[in-house]
Number of protein chains: 2
Amino acid sequence: MANQRRKFLKNSLLLTGAILIAPKVIGIKEKRSHANHNTGAAKLKLSFKPYTLELKHVFTVASNSRTTTPVMLTEIEFDGMVGYGEASMPPYLGESQETVSQFLAKVNLSKFSDPFGLDDILQYIDAIDSNNTAAKASVDIALHDLVGKLLGNPWYRIWGYDPLKTPNTSFTIGIDTPEVVKQKTIEALPYKILKVKLGKGNDKEMIESVRTITDKPLYVDINQGWKDRQYALDMSYWLKEKGVLFIEQPMPKESVDDNAWLTAHSPLPIIADEAIQRLADLVRMRGAYSGVNIKLMKCTGMREAHKMLEFARAFAMKVMIGCMTETSCAVSAAAHLSPVADFADLDGPLLIKNDVFEGIKIIDGKVTLFDRPGIGVVKINP
Amino acid sequence: MANQRRKFLKNSLLLTGAILIAPKVIGIKEKRSHANHNTGAAKLKLSFKPYTLELKHVFTVASNSRTTTPVMLTEIEFDGMVGYGEASMPPYLGESQETVSQFLAKVNLSKFSDPFGLDDILQYIDAIDSNNTAAKASVDIALHDLVGKLLGNPWYRIWGYDPLKTPNTSFTIGIDTPEVVKQKTIEALPYKILKVKLGKGNDKEMIESVRTITDKPLYVDINQGWKDRQYALDMSYWLKEKGVLFIEQPMPKESVDDNAWLTAHSPLPIIADEAIQRLADLVRMRGAYSGVNIKLMKCTGMREAHKMLEFARAFAMKVMIGCMTETSCAVSAAAHLSPVADFADLDGPLLIKNDVFEGIKIIDGKVTLFDRPGIGVVKINP
């Protein structure tokens, strides 16, 4: 049965291919209707609904603690096909279900008849208002899912990346008491790299608690928590001795010179997070950091993230593909970039109790892609 | 009949879509064989054959004259589908049918089972030897044609660009006597912009000859022919008065400071050609020029050209999509980038008598794309 289905599919795809290639030159309008389900009448329809992610553990970073994360789930429908998207709004970043709803209510996709026109559509979305990067990403991801489905292929494949080259993901250990940190480190057994949050005054205690349990490689993420560059430099030497591979966003993003000074002097790479949100920031700040943590929610989505990734590679900057607390929807979307990233921090769905999608998996610590088309997710909790 | 075919296609594509989306998570190997004709047994097979383009007119630029251009036509076959590519070797650039044959003989694609792995395959091609950019482009273009056909869509669409936004192409007037220049300007009636070659000592005479016939906007291309920066600056003011829009590669590419000085002082944009061949050159030289002429034969093909285009946009540099003397194969490949370029100089096939392909057309002066999949060419002269 499976064999027969495969054969039918193969034949119908080959036939499709043959017919698509055969015609002589004809007008764009006429042809487009064959190849791409676009009958001219089809419209892009956006819908969205708020949802609250429940975290498995209280999560503490340098700036705050929380037990839930608000998200917005989006869908874009076109000619009977649906693309899924998501915005995640950790409270300290300025977006909320209200702001995202307000933004998405302004989006009018009915003027676009072709979902493939990502360059124009996403420029239009970006120009609706400044900021609102998660809201913009929720449209970008749904469109990419839709277009990937229309192309019948996953995005890593459309982008030409080898899905087997994905990195291991880190698993995040929030700031907490030594006992809780040790317990979380034990629970993180399946993951090969840990990302330890620092920057609340107990930096050495945090690392030493982890090191009583495991000698796995570590990343540390300061979330702008350090204020003194000499302290940061001293810590970078100490952390290197403790088996840390890099330091993420050590000092406030506004302290450009201090972060650049640390990058020039530190024995560990210094990775920008808050300081580099979008492509323009990457162009402007590239001298000040060794690398960048690219997150869809910061940079408006997959199209800009892909540009940032290729741009960073051209500048020999390190790239981490990161996420917020998100469902498997946005995290799967980001994972398509990971085969050519140096590091991945795609543990979002591992931290929540009520995922809405099935998507990428973390298998033996490694980001594992599947070749479902688009962003490759299936809705499991409608 | 056409209607029925359309309906069948639509149904089979929708069915394909539905089946592709339905399965639960399964292994990559197993799934890939459904979606992408890749049965595991299929191999990539490269073949190539030399061809000589016959020019309609003797063509003279600052460095030489010629009546023919040697090219190499490539094909990559995979599972019954064929992608077309081409290398063009104008004699002053250092590649020839011999060097391209030697390079292509070293290419072993049989180790790649998936044509979609462009990142790996093209890194392998690039690492075979330094330089040989046209030879590399001939593989890149054929692979893109193949992958686009497997995706059932043209590359401008896969890249998300609007095919209706293509620019007008310029038509090139080589260096010659006033009589011939006037005659060529008359023959160039269908084109809305002329690109006038300068740099052999008769600069003003060339422009004045054109201006006796037409007041169309002009580009000028010096091909490194000017040696004195003050002369270049004086000419830039004079050319601006004559309705010239930009100056391409005024001084030798090695004269970085002189070209940068001219860019800083000239009233016209200064566009790099010989000075910026690949992405790394663009990163290094971006301060010295207002923009870049991206050509597939210089930069190893469509994948790197696409990166250069997006990179230049991020730096607010002007982009021209250019070509060598080429058939409609390589020129059509380049044209997929033109919807987001500022300028196009895609007159290659217009200058030759014995094209091998039907591809893009220049209609009413404008680069006109069609939505045949891949690079969108049909072989007409096998």
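Predicted model: local features only at pLDDT ≥ 70, side-chain atom pairs only at ≥ 80, totals over all residues.
A crossing of two helices is called right-handed if the near helix is turned clockwise from the far one by less than a right angle.

View 1. The domain assignment divides chain A into domain 1, residues 44–152, and domain 2, residues 156–379. Between the centres of domain 1 of chain A and domain 2 of chain A, taken over C-alpha atoms, there are 22 Å. Where they touch, domain 1 of chain A contributes 36 residues and domain 2 of chain A contributes 38 residues.

**View 2. The side of domain 1 of chain A that touches domain 2 of chain A.** Here you will find β1 (44–60), β2 (65–78), β3 (81–88), α4 (118–127) and α5 (133–151) of chain A, each supplying at least two residues. The most comes from α5(A), with 12 residues. Sorted by class, this side of domain 1 of chain A holds 18 nonpolar, 10 polar and eight charged residues.

**View 3. Helices α7 and α8 of chain A.** Helix α7 (residues 178–187) and helix α8 (residues 203–211) of chain A have axes that come within 8 Å and cross at roughly 40°. Because of that angle, α7(A) counts as oblique to α8(A). The crossing of α7(A) past α8(A) is right-handed.

**View 4. Residues where α7(A) meets α8(A).** From α7(A) come A:P178, A:V181, A:K182 and A:T185, and they meet A:E205, A:M206, A:S209 and A:V210 of α8(A). The residues in this contact of α7(A) with α8(A) comprise four nonpolar, two polar and two charged.

Methods. Residues numbered from 1 in each chain as written. Chains lettered and ligands numbered in written order. Domains from an automatic or database assignment. Contact = placed C-beta atoms within 7 Å. Helix = DSSP H or I, 4+ residues; strand = E, 2+ residues; numbered from the N terminus. Nonpolar A, V, L, I, M, F, W, Y, C, P; charged D, E, K, R; others polar. Axes fitted to C-alpha atoms, helices over the stretch in contact; angles between N-to-C directions. Parallel < 35°, antiparallel > 145°, perpendicular 65-115°, else oblique.
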